[in-house]
Amino acid sequence: MRRATEAVVETVADGDAPYTGRSPEALAEQFDAPVVPEGGVGLDAAIDEVAETVLAHSVATSNPRCSAHLQCPPMVPGLAAEAMLTAANQSLDSFDQAPAATVLEQRVVDALCGLFDLPSGADGVFTSGGTQSNFQGLLLARDRYCHRAFGRDVQAEGLPPEADSLRVVCSETAHFTVKQAAHHLGLGEDAVVTVPTDDGHQMDVAALDRTLADLTDRGRRPFALVGTAGTTDFGAVDPLDELVDRAAEHDLWFHVDAAYGGALALTDDHADRLSGIELADSVAVDFHKLFYQPISCGAFLLRDGENFRSMARNAAYLNPTAHDEGGVPNLVAKSVQTTRRFDALKPYVAFRAVGRERFGTLVESTLELADDAAALLNDAEDFELLSDPTLNTVVFRYRPREGIGDETVSRLNAALRRRLLDDGRAVVARTTVDGVTSLKVTLLNPTATLDDVAAMLDVVRDCGRDALAELEVTA
Ligand SMILES: *Cc1c(COP(=O)(O)O)cnc(C)c1O
């Protein structure tokens, strides 16, 4: 363990560039040794190999110039907790496999329900992340609706004949996992109806009203409304308060995908941007993003814990029946997983160690950095800022001079980003906005400074100039 720790410190904490720029082919060549050798090489040698071939060529998530995705620099309290929880190897499906962990997860879940002002009777469970949390929200929503509308027990009987008319409503910038969940739930992606967004990339409520009226007119059955608190590209927070009203009016399950923006609840200055979340039927929140915990770590929260019943099942060896072992909590009944990690320990140790106030300040500092970064881009002649940041993503394009058409800008930014991957001095994401290839930084790192951002933009500029020269030669 000590050797592994040293290897991490030497490789990940070392080095200037967040990535070595090694190509997929060159990486593949490193791994020509047999994965399952007849005789082992010994642990020390295996660790040294990993240090050289894997750690050295990983993206250095703690490097301030590594800022592509919602992939956070993990905070040390979370890493310490990760080491403890994997060593203890508790499994949260049944109490006899995780006695203290079961009770503590429940306690952390209760605290999270409190953080989002959910009422008493709320409950939740830790998940692998937003994908699973969104799936679980829509699963419970579907089952409640089918029970109420058709007296159908989906768990036992499967989908009702009317399933074709079920609809989920979310904004056009909601996370793709909403559609994925609809597929997995047997409804199909076409069951997801997307509502246009306004200039601030938030769900347009007037358009939502039209969508709901139209669905009703056509005999469709919307059963869930998904609001996003922090969209992946622009960090937009839907007007949750107004969505709550619409959900109540149309008797929809209101699920809030706060995978990204949930951390605002820790801050003094921005918590009110989540207003309305306290009235959600379910909430998805990720700790492996803006809560700085190692992957994976998410939670699914449920306004009325009784709704977990529709997915509970009994396995003789895990949770015999409530009255056999009255009072013993077996969390398997609340999860889509069976064997399950004790991920709750990570936010627990982090919250205990750092405290809400300081945690909130860390989050706030990254929001300020995003604003400063946007100002820097706005002032630059060769960059085009696409939107003022809402959280800590900043979306922009390299557009070295006026008069370059969108199609060329698209090709230029795509070529630029390929060069960035080979360069390694800055880790920046690409995305598409209005059909045009764009660049994105996600400034999650509270130790990053505006100088780091400026240094990243210089690298982007270097790669942009080279990409432009190449385009002009080949044009
Ligand atoms: C990251 C994210 C997800 C997916 O969550 P995972 O943790 O990657 O499973 C869903 N919704 C939003 C808004 C996200 O940012």
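1. A residue is called buried when its relative accessible area is under 20%, exposed when it is over 50%, and partly exposed in between, with a 1.4 Å probe and protein chains only. By that definition R461 is buried, because its relative accessible area is 18%. The model is a predicted one, in which local features need pLDDT of at least 70 and side-chain atom pairs count only at pLDDT 80 or more, while totals for chains, interfaces and linings use all residues. Residues are numbered from 1 along each chain as its sequence is written, and side-chain values use heavy atoms, with hydrogens and water left out.

2. The structure holds 28 salt bridges, where a salt bridge is a side-chain nitrogen of Lys or Arg within 4 Å of a carboxyl oxygen of Asp or Glu. One of them joins the side chains of R461 and D382, with 2.6 Å from N to O. This pair links distant parts of the chain, since R461 sits in helix α14 (residues 450–474) and D382 in the loop between α12 (356–379) and β8, 79 residues apart. Helices (H or I, at least four residues) and strands (E, at least two) are DSSP runs, numbered from the N terminus. D382 counts as buried because its relative accessible area is 13%.

3. Which other residue forms a salt bridge with R461? It is D458, and the closest N and O atoms of R461 and D458 are 2.9 Å apart. Both residues belong to helix α14, where they are three residues apart, about one turn of the helix. D458 has a relative accessible area of 40% and is therefore partly exposed.

4. A further salt bridge is formed by R401 and E472, whose closest N and O atoms are 3.0 Å apart. Here too the pair links distant parts of the chain, with R401 in the loop between β9 and α13 (406–423) and E472 in helix α14, 71 residues apart. R401 is partly exposed at a relative accessible area of 44%, and E472 is likewise partly exposed, at 44% relative accessibility. Elsewhere, E82, R341, D343 and K346 are linked in a network of salt bridges.

5. Two surface patches deserve a look. Patches are made of residues with over 30% relative accessible area and no salt bridge, like charges being joined within 9 Å and nonpolar side chains (Val, Leu, Ile, Met, Phe, Trp, Tyr) within 5 Å. D269, D272, E368, D371, D372 and D388 form a negative patch; Lys and Arg count as positive and Asp and Glu as negative, with His and the chain ends not counted. Of these residues, D388 lies in the loop between β8 (383–385) and β9 (393–398), and D388 counts as exposed because its relative accessibility is 58%.

6. The other patch is nonpolar and consists of F31, V50 and V54, which together have about 240 Å² of accessible area, as given by the Shrake-Rupley method with a 1.4 Å probe. F31 is found in the loop between α2 (24–30) and α3 (43–53), and with a relative accessible area of 46% F31 is partly exposed.

7. Where do the domains of the chain fall? The domain assignment, which is automatic or from a database, gives domain 1 (2–60), domain 2 (91–354) and domain 3 (356–474). The C-alpha centres of domain 1 and domain 2 lie 37 Å apart.

Methods: Charge placed at Lys NZ, Arg CZ, Asp CG, Glu CD.
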